[in-house]
Amino acid sequence: KTPHWPTWQARLSQLMRTPDPESFLPRFELMHQGLARHCAEAPDAALLALVQMSAEETRHYCATHAMLVAAVCMISARETLRWSEERIHQIGRAGLSMNLGMGHLQDDLAQQITPLSATQAQAVEDHALRSVEMLHKLGVNDEICLQGVRGHHLRAPGRLAEKTAGDQLARLIQRADIFGARIAPRANRHPMSVTSAMQASYYDETKSVDEAGAALIKSLGIYPPGAWVKLASGETAVVVRRGTTAATPKVAVLVNKEG
């Protein structure tokens, strides 16, 4: 069954903005299980919907971004990194909940045209630890998942095999977070192209190829579903499905060469 994405977007947005201790865990798990199932059964369709949603509007940025990051991470963990189902679900939950500590603020900032205030900047700086504190209080006790949330903004390049399980989650989320943030519009800037955002994820802080970022690109392709492309024929198309290689996606032509 195809998800009604605006409904999922609205539900997660409400969950992130006003997490209720009585109902958070079952509602969050229902959300995660639905997204995880769709990413496993129809990964191209999930990417197409979420990349398009991320590039189109800012009102529900926090929820849309969380779903995109979780989806990208779960697909990469399954298809390229070959992680176990347990670890795929851990990174899905971590990706969905990583910004719980600034749900309202993240939506506000997406529509704000002025620079961050000192208070806002501090809230952004502290949000990973705040998210972990809130998740603890809401009943989340998976330490690997929480470590992924805690470290998802750390600049920590290096081989995945040399990191702990939680730090591996954090690094993959960090790369997907960069990708998702750069394709999303803001009130004060246009989004970056999907291919440019992929490149930003590919290189680490030392300008070397990042193992986690490379896994994302291998999984999604250079032109992932949802990306707009200009064809050699002069036509404009949207990628609808990944192809047999990273550079040969299946596309749907929407604008002919005459415009």
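The expected span of a helix is 1.5 Å times one less than its number of residues. Helices (H or I, at least four residues) and strands (E, at least two) are DSSP runs, numbered from the N terminus.

Good morning. The structure above is a predicted model, in which local features need pLDDT of at least 70 and side-chain atom pairs count only at pLDDT 80 or more, while totals for chains, interfaces and linings use all residues. Residues are numbered from 1 along each chain as its sequence is written, and side-chain values use heavy atoms, with hydrogens and water left out.

I begin with confidence. pLDDT is the predictor's confidence in each residue, from 0 to 100. The protein averages 92, and 99% of the residues score at least 70. Among the elements, the lowest mean pLDDT, 80, belongs to helix H6 (residues 103–110), and the highest, 98, to helix H5 (residues 85–97).

Now to helix H2. This helix covers residues 24–41, and its 18 residues reach 26 Å from first C-alpha to last, close to the 26 Å expected. Its buried residues (under 20% relative accessible area, with a 1.4 Å probe and protein chains only) include Phe24, Phe28, Met31 and Cys39. The buried residues of H2 pack against H1, H3, H4, H5 and H7; contact here means heavy atoms within 4.5 Å.

Next, the sheet. Three strands form an open sheet in the order S1-S2-S3, with antiparallel pairing; two strands pair if DSSP finds at least two bridges between them. S1 and S3 are the edge strands, each pairing on one side only. Three bridges link S1 (residues 228–230) to S2 (residues 236–241), and Val229 has Ala237 as its partner. S1 and S2 form a hairpin with five residues between them, where Gly234 has a positive phi of about 95 degrees. S2 and S3 (residues 250–255) are joined by five bridges, with Arg241 opposite Lys250. Helix H3 lies across S1 and S2, at about 135 degrees to S2; axes are lines fitted to C-alpha atoms, for helices over the stretch in contact, and angles run from 0 to 180 degrees between N-to-C directions.

Finally, the cysteines. How many disulfides does a search of the whole structure find? The search finds zero, a disulfide being a pair of cysteine sulfur atoms within 2.5 Å. Cys73 is buried at a relative accessible area of 0%, and Cys145 is buried at 4%.

Conventions
Buried means under 20% relative accessible area, exposed over 50%, partly exposed in between (1.4 Å probe, protein chains only).
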